[in-house]
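Visitor: I would like to learn how to read the sheets, pockets and cavities of a protein model. Could you take me through one, feature by feature?

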Amino acid sequence: MSSYKRDVRILLVGDEKVGKTSLILSLVSEEFAEEVPARAEEITIPADVTPEHVPTCIVDYSAQDQEEIVLQEELRKASVICIVYSVVDEDSIQRLTSYWLPYLRYTLGDDHRTPVILVGNKVDLTDIQTLESILPIMNDFGEVETCVECSARTLKNISEVFYYAQKAVLHPTAPVYNPDEKELTPQAKKALTRIFRICDLDNDNVLSDEEINLFQMKCFNSPLHPQALEDVKSIVRKNVTDGVSDGITLKGFLFLHTLFIQKGRHETTWSVLRKFGYDDNLQLTTEYLSPKLFVGLGSTTELTAEGYQFLVRLFDKYDEDRDGFLSPTELQNLFSTCPIMPWGPDVNNTVCTNADGWISLNGYLAQWTLTTLLDVNRAIEYLAYLGFNYQQESQLTAIHVTRDKKIDLEKRQTGRNVFRCHVMGAKSVGKTAFLQGLLQRNLRYVATLNRQNLSNFTINTVQVYGQDKYLMLHEVDMVMCEMLTPTELDCDVACLVYDVTNPQSFEFCARMYLKHFIDCKIPTLIVASKAEYPEVRQDYELTPAQFCSRFKLPPPQRFTCIDKVNHDVYIKLATMAAYPNLKRLVHMLLVHQRPLWLEERLRHIKGLFQSSPNTYLQVGIGLAVAAALSFAIYKFVHTSSTPRR
């Protein structure tokens, strides 16, 4: 995808003796040269002395001094071509259509987009203007941007020639305006419509005075004077039905840009298009859509507060009925500034929705969180489509790259807010129900879902010690083999699921743990699904409880979702992901296991309670023990979480 021009290469061609070289020399020396060489050397004008602040190269061509193959090479390299003719030489005027313009099409192609300027030199020798005879040529050859009459001898309009040449490159007419139809091109209408929708912050299909002034500040660094704004509205009102309704409507907005181009103010429309990332072909540039972001090995990507704030405002803008959900139409409207809808039908089974399948605000933010975690480049691209850059300098302010997970383990703390849990298990053990349970959906609801639209991911917020964290569940496909790729092993916590009614299902979990997780630092939780049924003996040398005890894992977590979902298991997974270093304490607190020292203390306390009839004494002892336990836990956490020096 090409970006807009960062320099300009102007090529002057034309018949002999029309004054091509004289024009260049008069521009540079600001005086007419009586003695003129056959061809001027290539000249580069620095950016700081040109009206458009871009470096400009001016190239002369002489048939006497150069071969035709050189001409063809220069035509292909040129940003803009000036065909010079003499206003006092009828033959040179006729040669515009009989030779030069057809020759350009022959060399560059019939549909070439290189702009052409017709330059009529030597106006100092006649009082007759040739513009009337040139207008039909401009109508027949759409590549001709404009015609300028000048004089190299008197310096009349010399600067204008090269200014219009620059302008033809930097603010071309062809992509934005159709002179035959006298209206904007379809591509320009599409781009300006997207811009209008982004700037219409309250989604009322009208740009209010406040929105217009914000637009002016963003694009031109200055607001419109109130009287100037009223004058603009008056012009629109006179020319376009429904162009003004309190503010300027889309019809009025498009009319204004049509008027700018018709009046020769292409730069106004192009300034707007450039601000919103468009190149010369009215395509969004790569730099605009995909600014470079470095994500190191072991790091992940999350949304920043600025990112979430923008997305919440966008949700509120398109939630027209204010019900807290996006209907299919509202969702379609939200993504109307994007080339395609980024979310498929599986999104309804990935995040929280209402009973009709409409995405809630929490579900909408969760889906964006998931996209940012799994495909940050896609998230960055769609933030640009949606207009994040209109309110912020770059989409990169919406993205936070977390530090390497190894550093988190060394520091014994993490700043991450999104945790990745990979769910594995044999076929039909209940993994789908487990994933859907994260969205508070029970088994009866899951039975009604279209299996074709099921996702291998679900994501929702989970509270970890009073803080909301995102837990993403990913069902790893284990159909073909039991080997995991590095990507499939890249998670914050692993969940191995077996079916309490299937005696062969736990063996899979045991093999997976011993093969992939026994020697790694990934916390692992074994989940016993379908716990509403009696548990059968597993065909394995150890029972699930014995296996967990031997390898210092939490006991199997019983999970059921036939009616009410057992949500505690998700809290346990998120907590284990957040505190991978505190395995002993986390397991103790989450699983309610009592270490031997605690059992002994409790037995001793029980004896005191039984031997002492004094109720006050019992209460006092209970309070003292509670305080001692609290202090012990505090010391454990403090010691475990303090970095070692």
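Predicted model: local features only at pLDDT ≥ 70, side-chain atom pairs only at ≥ 80, totals over all residues.

Visitor: What should I expect of the side chains along a strand?

Guide: The general idea is that side chains in a regular strand alternate between the two faces of the sheet.

Visitor: In what order do the strands of the sheet holding β17 and β18 lie?

Guide: Reading across this open sheet of 6 strands gives β17-β18-β16-β19-β20-β21, and the pairing is mixed. The edges are β17 and β21 (557–558); each has a single partner strand, so one side of each is left without a neighbour in the sheet.

Visitor: In which sense do β20 and β21 pair?

Guide: Strand β20, residues 524–529, pairs with β21 in the parallel sense, over 2 bridges. To find one of these in the viewer, select V527, whose bridge partner in β21 is Q557.

Visitor: Which helix packs on this sheet, and which strands does that helix touch?

Guide: That is α14, which touches β16 (418–425), β17 and β18. The direction of α14 makes about 65° with that of β18.

Visitor: Now the other sheet, please. What is the order of the 3 strands there?

Guide: This open sheet has the order β9-β11-β10, and its pairing is antiparallel. Its edge strands are β9 (206–207) and β10 (244–245), each pairing on one side only. Strand β11, residues 247–249, runs antiparallel to β10, with 2 bridges between them. S245 stands opposite G247 in β11.

Visitor: Which helix lies across β9 and β11, and at what angle to β11?

Guide: Helix α9, residues 250–262, lies across both strands and runs at about 80° to β11. Remember α9, as it also comes up in the lining of the largest pocket.

Visitor: What is the volume of the second largest pocket, and what lines it?

Guide: Its volume is about 880 Å³. The lining counts 33 residues, and those closest to the centre are G298, D404, K405, D490 and C491. Two or more residues each come from α14 (361–374), α15 (376–385), α17 (405–411) and α20 (486–489). The largest share, 4 residues, is from α17. By class, there are 13 nonpolar, 9 polar and 11 charged residues in this lining.

Visitor: How many cavities of 30 Å³ or more does a search of the whole structure find?

Guide: The search finds 1. The largest cavity has a volume of about 130 Å³. Among its 17 lining residues, D408, T414, A577, A578 and P580 lie nearest the centre. Two or more lining residues come from each of α17 and α23 (568–578), and α17 gives the largest share, 3 residues. The lining divides into 8 nonpolar, 3 polar and 6 charged residues.

Visitor: One last item: where does UniProt place the feature "domain: EF-hand"?

Guide: The UniProt record, an unreviewed entry, places it at residues 306–341. In the model, that stretch is 56% helix and 6% strand, and its end C-alpha atoms are 23 Å apart.

Methods:
Residues numbered from 1 in each chain as written. Heavy atoms only, no water. Pairing = 2+ DSSP bridges. Contact = heavy atoms within 4.5 Å. Axes fitted to C-alpha atoms, helices over the stretch in contact; angles between N-to-C directions. 1 Å grid on protein atoms, 1.4 Å probe; cavity = no way out; pocket = protein on both sides within 12 Å on 5 of 7 lines; lining within 4 Å. Points joined across faces, edges and corners; volume = space filled by probe spheres on them. Nonpolar A, V, L, I, M, F, W, Y, C, P; charged D, E, K, R; others polar. UniProt positions renumbered as here; feature names shortened; annotations may be inferred.
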